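Subject: Structure handover

Hello,

Here is the structure I promised you. Please open it and keep it beside this email while you read.

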Amino acid sequence: MRDTVNETADTAEDTTAVEANADNTAEAEIAATAAAPMESGANAAIIDDTKASKLDRFFGITRSGSNYKTEIFAGLTTFMAMVYALLLVPGMFAGPEEPLFGAMYIATAIGAVVGTTLMALLARMPLAQASGIGASAYITGTLIGAATGLTYANAMIFVLLDGIVFVVLTATGLRKKILAAIPDEVKISIPVGIGMFIAFLGFKNSGFVVLSQGNIGMTSFNILTLVNGGLDYLTTIGAVIMLIGVIAIAVLSAKKITGSILWGILGATALYFILAGIGCIWGDGGCIEFFKEFSISNPFTAFKDWGKLSVGQVFVKGFDFSNYLAIKDHNVGTLVVLILTSALSLCMIDMFDTLGTLYGACSKGGLIDKDGNPLRMNRCMLSDAVATCVGSMCGATTVTTYVEASSGVAAGGKTGLAALVSAACFLLATFLSPIARVIPTCATAAALVWVGVLMMSSVKEIKWSDPACALPAFLTIAVMAFGFSISFGIGIGLISCVLVKICTGKIKQISVATWIIAALFVALFVLTN
């Protein structure tokens, strides 16, 4: 997740140099992997594992100084810390009672299984992957909708393109040029803007923020109005529970409780049912209707919905853009521009998420080489890219490495066995969709708001004292949050940065790649709605 929840800013200024070094040493890295499956860091002690089992030698458990018990516990810890993604991502696409929710639940779980298994067997790292919160928010909040005419199946085309581009960039080493083309002030601001965007989704989904006739405001908590029937009871308690849930997650996180977000969601769910039950006692119609319609579905229903609505839809209906083209002023030209800029936006979100997480999680666990780079970084990036491609075919959004995997690293995980345990847990979780369906929106909204809190940390890295940096950074964040569009935020940030450099006589600092990317976004704004 992270979507969202990464430490991109901590490494933003050094990313280009690190990427170049990583690509130059890719072949040596792969050769080293074959000879020594795992190292715990630059100065890892050499341990004789010749008498170890094949599984031990494959993952390098003894060589890394770890053991089976520690790796299994680390894998379980990682799963508990990020299983909330199986609740949040489907909830962005549909309500629990809708078939698409079950379909997206299975798709998200399968994407996590594929990505985490690749991390285990290809990269042999104790990290886990799942559909990113930030990328999912971009797809549901910017791409899909009546205004754009794009469908869920269309969105999977963008995800597939993102994965393919990421594979090419990883295999060729071109990703460092893309990263170098994004000015630092914009690069650092992207996770902050996404955090604001995600937090707003949480406020809106819980009913805390009310949209009415074009106006935005906070819901009323006036008890007298509620008693007199002026407010909807379930909506009101939803906003209250969201606030309580966020506070609970913060407290649990401060106390270093593993899986704090998951426990916060479950606690908020229990509170929702308790308060809804109290509403039934005094005869609230909404609460009575809620319990009348409440039921536990068959776990295989979600698989059935997945088969109908998600798997393979990228090829079956993904290329049908008739709804988009039916909207006034939309044509093939605007569609091409939209595809290019949207794929670019998804790719940047994915790149920054993955890179930030790799450096953050691996540095904390000593899983770095003598140059300070994550071990087998190219393989980690390739795992991400391949999982995104496979995930799109299954109906999942962009798969990325979650920073919550650092909890498993902190628990002692050093090898791919920990990731394999996490993948097995995600596989078992595919049969738990009935439990996910009973989680109210306000409970998952609390997690969304908390994700927004975590993603704000990058803001301290922005050079606010320099107007030339402050303006593009502010516009990137503000447009994402207030314009409700992640891609527009990136575009406005880039364009403003280019204009500022031109006007301040620093035009030579603008690379060709930056010019091209900025031009694509200008075309997006001029040619599309």
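In which loop does Arg124 lie? Arg124 sits in the loop between α7 (99-123) and β1 (129-131). Before going further, note that this is a predicted model.

Is Arg124 buried or exposed? Arg124 counts as buried, because its relative accessibility is 14% and the cut-off for buried is under 20%.

Now go to Lys256. This residue is in the loop between α13 (233-254) and α14 (260-281). Phi of Lys256 is near 60°. Again, that is a positive value in a residue other than glycine. The cut-off for exposed is over 50%.

**The salt bridge**

How many salt bridges does a search of the whole structure find? It finds one. The partners are Asp184 and Lys187, whose side chains meet at 3.7 Å, N to O. Side chains of opposite charge can pair when their charged atoms come close. Asp184 and Lys187 are three residues apart in helix α11, so about one helical turn separates them. Asp184 is partly exposed, at 31% relative accessibility. Lys187 is buried, with a relative accessible area of 2%.

Helix α11 covers residues 184-206. Asn205 has its place in that helix too. Asn205 is partly exposed, and its relative accessible area is 31%. Find Gly238 next. Asn205 and Gly238 are 33 residues apart along the chain. Their C-alpha atoms are separated by 9.0 Å.

**Two surface patches**

Which residues form the nonpolar patch on the surface? They are Leu55, Tyr68, Ile72 and Leu76. Together they have about 320 Å² of accessible area. Helix α5 (residues 68-82) gives the largest share of this patch, with three residues. Tyr68 has its place in α5. Tyr68 counts as partly exposed, at 34% relative accessibility.

The other patch is charged. Glu97, Glu98, Glu289 and Glu293 gather on the surface in a patch of negative charge. One of them, Glu289, belongs to helix α15 (residues 285-293). Glu289 is partly exposed, with a relative accessible area of 38%.

**Helix α26**

Last stop: α26, which spans residues 486-503. The helix has 18 residues. From its first C-alpha to its last it reaches 26 Å, close to the 26 Å expected at 1.5 Å a residue. Why can we call α26 largely enclosed by the rest of the structure? Because 13 of its 18 residues are buried. Just after this helix comes Gly505, with a positive phi of about 75°.

**Where to start**

- Asp184 and Lys187, the salt bridge pair.
- Leu55, Tyr68, Ile72 and Leu76, the nonpolar patch.
- Glu97, Glu98, Glu289 and Glu293, the negative patch.
- Helix α26, with Gly505 just after it.

Best wishes

Methods: Residues are numbered from 1 along each chain as its sequence is written. This is a predicted model: local features need pLDDT of at least 70, side-chain atom pairs count only at pLDDT 80 or more; totals for chains, interfaces and linings use all residues. Side-chain values use heavy atoms; hydrogens and water are left out. Helices (H or I, at least four residues) and strands (E, at least two) are DSSP runs, numbered from the N terminus. The expected span of a helix is 1.5 Å times one less than its number of residues. Buried means under 20% relative accessible area, exposed over 50%, partly exposed in between (1.4 Å probe, protein chains only). Patches are made of residues with over 30% relative accessible area and no salt bridge: like charges are joined within 9 Å, nonpolar side chains (Val, Leu, Ile, Met, Phe, Trp, Tyr) within 5 Å. Accessible areas come from the Shrake-Rupley method with a 1.4 Å probe; for residues, only the protein chains shown count as cover. A salt bridge is a side-chain nitrogen of Lys or Arg within 4 Å of a carboxyl oxygen of Asp or Glu. Lys and Arg count as positive and Asp and Glu as negative; His and the chain ends are not counted. The place of a charge is taken as NZ of Lys, CZ of Arg, CG of Asp or CD of Glu.
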